[in-house]
Amino acid sequence: MPKVKPHRTSPSLDMTPMVDLAFLLVTFFMLTTKFAPEEAVVVDTPSSTSEIRLPESHVITISVDKDKRVFFGMDDAKPKLDLLTRVGAKYGVSFTAAQAKTFSNLSSFGVPVQQLPDFLSRDNEQRKAIKQPGIPADSLNNQFIDWVVEAQAASRKEFGKPAYIAIKGDGNADVPTVKKVIQLLQDKNINRFNLITDLESKPVAGK
Amino acid sequence: MAEIQQQADSGKGGKKRAKKMSTKIDMTPMVDLAFLLLTFFMLTTTFSKPTVMQLNMPVKPKDPKEQSEIKASNAFTVLLGENNKIFYYDGLLADNVKPELVASSYGADGIRKTLLQRRQANPEVVVLIKPVDKSNYKNMVDILDEMNITDQKKYALVDISKADEDLIKTSGL
């Protein structure tokens, strides 16, 4: 009986197509990726079945966390500088060029305007360590609405239209704070809001 | 390693030949790197923008008299209580009328069913949403979401009144 010889093939295989594909994907992800901006506050948004996406740009994000703190964020860098000067002028606070630059890179913040220069001149690590008290939004010291109004004005000047207002509330945030924010905006005739939520699969409505 | 270098020549024959180099390169480290990067970018990329729920509030009337009154027969009030509780009653609360408060739930068989039933009975129904101060934002989003799911167009987010709070308290639910 002849011995059955296993057919010896070289164990090397041509990896070229795989490498091609891998690099194609790497390139794709490298070009499309946009790192999620670091948020000043952790907000766990509730979910809803709404499928409307947040617009890509010109968004003012108002975050409300579970400790009733209000944070303000704006995504366009250019009107943000304008905004900082406007609000600074209103409260008699001036900012250096370096502080303004840091501000334009900040995704959101929650400190009163008086503490803002000090907050901005710290470095990233220190800034993260600071517990931000939130922007004052009560009737005596309502800086929050000034930020929004001036941001709208700056956005209108820059792009010819006001920015979208997105409210990002934590699931455990209390209703009075959110309602207060809405009320304040309504006082300024802003009646259209977008509540940021997570996507949840749509249930079959029993019709 | 994925590739094993093969013996190039068996060494027989006296003629010295220029050694033929294999044209194959070991691509394994490169592939390793490529996949490492691939994984990294795939995991860090934020593809989807968050979704938003649109909420349009009514424009504040300049004159309080312009505010529209709703008929008690068309009103359906949902109260959002603390600890994720939810109650509803038909009609409006008045000094002499005490509507019956019913406890419900956020699930599909709870408030959604009731909303659909009410609208079937009366297409004109207006839902008044009143969150108590101790309810959380998630409840508010949930109930607004129910409005979208049930396709209820007429609803309003209303401040809670003292009478409503008392109604919850006295009902003992």
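This is a predicted model: local features need pLDDT of at least 70, side-chain atom pairs count only at pLDDT 80 or more; totals for chains, interfaces and linings use all residues.
## Strand pairing between the chains

## The side of chain B that touches chain A

The contact between the chains involves 44 residues of chain B and 49 residues of chain A. On the chain B side, the elements that give two or more residues are α1 (28-44), β1 (51-56), α2 (111-121) and α3 (137-149). The largest share comes from α1(B), which supplies nine residues. By residue type, this side of chain B divides into 24 nonpolar, eleven polar and nine charged residues.

## Overall make-up of chain B

Chain B contains four helices and six strands, and its elements follow the order α-β-β-β-β-α-β-α-β-α from the N terminus on. Of the 173 residues in chain B, 24% are buried. When contacts in chain B between residues at least 6 apart in sequence are considered, 62% of them join residues at least 24 apart.

## B:Leu93 and its surroundings

B:Leu93 lies in the loop that runs between β3 (86-90) and β4 (102-104) of chain B. B:Leu93 counts as partly exposed because it has 19 C-beta neighbours inside 10 Å, whereas a residue is called buried if 20 or more other C-beta atoms lie within that distance.

Leaving aside residues up to four places away in sequence, B:Leu93 touches B:Pro99, B:Ala163, B:Asp164 and B:Leu167. From C-alpha to C-alpha, B:Leu93 and B:Thr77 are 9.1 Å apart in space, with a separation of 16 residues in sequence.

## A helix crossing in chain A

In chain A, helix α2 (residues 77-91) and helix α6 (residues 143-159) have axes that come within 9 Å and cross at roughly 135 degrees, which means that α2(A) is oblique to α6(A). The crossing in which α2(A) passes α6(A) is right-handed.

On the α2(A) side, the contact is made by A:Lys78, A:Pro79, A:Asp82, A:Leu83, A:Arg86, A:Val87 and A:Lys90. From α6(A), the residues that take part are A:Asp146, A:Trp147, A:Glu150, A:Ala151, A:Ala154, A:Ser155, A:Lys157 and A:Glu158. Sorted by type, the residues of this contact between α2(A) and α6(A) comprise six nonpolar, one polar and eight charged.

How values were computed
Residues are numbered from 1 along each chain as its sequence is written. Chains are lettered from A and ligands numbered from 1 in the order in which they are written. Axes are lines fitted to C-alpha atoms, for helices over the stretch in contact, and angles run from 0 to 180 degrees between N-to-C directions. Angles under 35 degrees count as roughly parallel, over 145 as roughly antiparallel, 65 to 115 as roughly perpendicular and the rest as oblique. A crossing is left-handed if the near helix is turned anticlockwise from the far one by less than a right angle, and right-handed if clockwise. Two residues are in contact if their C-beta atoms, placed from the backbone, lie within 7 Å. Ala, Val, Leu, Ile, Met, Phe, Trp, Tyr, Cys and Pro count as nonpolar, Asp, Glu, Lys and Arg as charged, and the others, Gly among them, as polar. A residue is buried if 20 or more other C-beta atoms lie within 10 Å of its own, exposed if 12 or fewer, and partly exposed in between; C-beta atoms are placed from the backbone.
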